[in-house]
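User: I would like to learn how to read a protein structure. Please take me through one step by step.

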Amino acid sequence: MSYVDGFVVPVPKDKIGAYLDFARTAGEIWKSYGALAFVECVGEDVPYGEVTSFPRAVQATPDETVVFSWIVYADRAHRDAVMEKVMADARIKASMEEMPFDGRRMIFGGFEAKVEL
């Protein structure tokens, strides 16, 4: 079964283009080190829930939308090896200095796939 890093982040609507440029660069780097897939999805139908929701989870404001992303690896060991290389890459370090979103409100985690169809 594969391993997935998942992310939810609020992005200002007027910075979606810059965010997608950032994501393309990051995706190329992750893939160059062996990630199997790198996916970025911009929120289109993400209502603000009364109890919980994607926008609530990241404290999205009316001028922001939510981006849901994931990176796929063969397994946890593969993820750890890829992540070590990515985090040592100067291009990632440079791109993280000017991220087009508030990284403090990003939700992320690693998940082991249990059902894959």
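Analyst: Begin with the elements: helices (H or I, at least four residues) and strands (E, at least two) are DSSP runs, numbered from the N terminus. This is a predicted model, in which local features need pLDDT of at least 70, side-chain atom pairs count only at pLDDT 80 or more, and totals for chains, interfaces and linings use all residues. Residues are numbered from 1 along each chain as its sequence is written, and side-chain values use heavy atoms, with hydrogens and water left out.

User: How many helices and strands does the protein have, and in what order do the elements run?

Analyst: There are four helices and four strands. Starting at the N terminus, the order is β-α-β-α-β-α-α-β.

User: What does the radius of gyration say about the protein?

Analyst: The radius of gyration is taken over C-alpha atoms, and the globule rule is 2.2 Å times the number of residues to the power 0.38. For 117 residues, a compact globule would come out near 13 Å; the protein has 15 Å, which agrees. The C-alpha trace spans about 40 × 35 × 20 Å along its principal axes.

User: What share of the residues is buried?

Analyst: Buried means under 20% relative accessible area, exposed over 50%, and partly exposed in between (1.4 Å probe, protein chains only). Here 38% of the 117 residues are buried.

User: Is V66 buried or exposed, and what is V66 in contact with?

Analyst: V66, in strand β3 (residues 64–73), has a relative accessible area of 3%, so V66 is buried. Contact means heavy atoms within 4.5 Å. Leaving aside neighbours within four places in sequence, the contacts of V66 include V8, C41, F54 and A60. By that definition of contact, residues 24 or more positions apart account for 82% of the protein's contacts with a separation of 6 or more.

User: Where does F54 lie, and which residues does F54 touch?

Analyst: F54 lies in helix α2. Its relative accessible area is 40%, so F54 is partly exposed. Not counting residues up to four places away in sequence, F54 touches V8, V46, V66 and F68. The C-alpha atoms of F54 and P10 are 9.0 Å apart, although 44 residues separate the two along the chain.

User: How much space lies in the largest pocket, and which residues are closest to its centre?

Analyst: On a 1 Å grid over the protein atoms alone, a pocket is an open set of points where a 1.4 Å probe fits, with protein on both sides within 12 Å along at least five of seven lines; lining residues have an atom within 4 Å of a point. Grid points are joined across faces, edges and corners, and a volume is the space filled by probe spheres set on the points. The largest pocket holds about 400 Å³ of space. Of the 25 residues that line the largest pocket, F7, W30, I71, M96 and M106 are the closest to its centre. The largest share of the lining, five residues, comes from α1.
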